[in-house]
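Here are my notes on the model you sent.

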Amino acid sequence: MEGQAVQVETITPILRVKDMAVSKAFYIDVLGFADAWGDDNFGAISRDGRSIYLSKEDQGDPGSCWVWIGLEDLDMFYEACKASGAEMRQEPTNHPWAYEMQVADPDGHVLRIATGPRED
């Protein structure tokens, strides 16, 4: 692209969901997001100024999305998720690129939740 570069302002995933109420309850009650806005067909949930759009039976395929979520303290987040009944696909694991866990949402989308790799 020639000329001055255009800055990206935001990138927000859109997840196809079967039941908006069930999906919102998962993101709010289990993962600590807040109900940002929307109706029974399309909306957003957010946490710390970051959002994920939810679209009822539209925009994508069920369970086809993987989303990376970076945060400061994975161990504290993991304990909160475990206590809330989240379906763990992968317990916290140290990799060369990140200290990461994986959680499946009610629609089968995979959330890769991580922080920097551990040194210990």
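1. How much accessible surface does the protein chain have, and what percentage belongs to carbon and sulfur atoms? The surface comes to about 7600 Å². Carbon and sulfur atoms account for 48% of it. Keep in mind throughout that this is a predicted model.

2. Start with the overall layout. The protein chain has two helices and eight strands. Along the sequence they follow the pattern β-α-β-β-β-β-α-β-β-β. The C-alpha trace spans about 45 × 40 × 25 Å along its principal axes. Of the 120 residues, 33% are buried. Take the contacts between residues at least 6 apart in sequence: 48% of these join residues at least 24 apart.

3. Next, charge. The protein chain carries 10 positive and 22 negative side chains. The centres of the two sets lie 3 Å apart.

4. Now the core. In soluble globular proteins, nonpolar side chains tend to be buried together. Here the largest nonpolar core has 24 residues. Which of them have the most contacts inside it? They are Tyr27, Leu31, Ile52, Leu54, Met101, Leu111 and Ile113. Both helices contribute: α1 (20-30) and α2 (74-84) each supply at least two residues.

5. Leu54 is then in contact with Leu15, Val17, Met20, Ser23, Lys24 and Tyr27, among others. The list also includes Asn41, Phe42, Gly43 and Ile45.

6. On to the aromatic residues. The structure holds five aromatic pairs. In one of them, the rings of Trp37 and Phe42 have their centres 6.0 Å apart and their planes at 40°, so this pair is tilted. Is Trp37 buried or partly exposed? Trp37 counts as partly exposed, because its relative accessibility is 44%. Phe42 is also partly exposed, at 24% relative accessibility.

7. Phe42 has another ring partner, Tyr53. The Phe42 and Tyr53 pair is tilted as well, at 5.5 Å centre to centre and 35° between the planes. Phe42 lies in strand β3 (residues 42-47) and Tyr53 in strand β4, so the pair ties together parts that are 11 residues apart in sequence. Tyr53 is partly exposed, with a relative accessible area of 26%.

8. A cluster is also worth a look. Phe26, Tyr27 and Phe33 form one aromatic cluster. Where does Phe33 lie? Phe33 is in the loop between α1 and β2 (34-38). Leaving out residues up to four places away in sequence, Phe33 touches Tyr27, Ile28, Ile45, Ser46, Arg47, Arg50, Ile52 and Ile69. For scale, the C-alpha atoms of Phe33 and Arg16 are separated by 17 Å, and these residues are 17 apart along the chain.

9. Check the backbone at two acidic residues. Most residues other than glycine have a negative phi. Asp48 has a positive phi of about 50°, although it is not a glycine. Asp48 sits in the loop between β3 and β4. Is Asp48 buried or exposed? Asp48 is exposed, with a relative accessible area of 66%. Glu57 also has a positive phi, about 45°, and is not a glycine. Glu57 lies in the loop between β4 and β5. Glu57 is partly exposed, with a relative accessible area of 47%.

10. Last, a proline. Pro96 lies in the loop between β6 (87-94) and β7. Pro96 counts as exposed, because its relative accessibility of 74% is over the 50% cut-off. How far apart in space are Pro96 and Cys81? Their C-alpha atoms are 24 Å apart, and the two residues are 15 apart in sequence.

Methods:
Residues numbered from 1 in each chain as written. Predicted model: local features only at pLDDT ≥ 70, side-chain atom pairs only at ≥ 80, totals over all residues. Heavy atoms only, no water. Helix = DSSP H or I, 4+ residues; strand = E, 2+ residues; numbered from the N terminus. Buried < 20%, exposed > 50% of the residue type's maximum accessible area, 1.4 Å probe, protein only. Contact = heavy atoms within 4.5 Å. Areas by Shrake-Rupley, 256 points an atom, 1.4 Å probe, with all protein chains shown as cover. Lys, Arg positive; Asp, Glu negative; His and termini not counted. Charge placed at Lys NZ, Arg CZ, Asp CG, Glu CD. Core = buried A, V, L, I, M, F, W, Y, C linked by side-chain atoms within 4.5 Å. Phe/Tyr/Trp six-rings, centres within 6.5 Å; stacked < 30°, edge-to-face > 60°.
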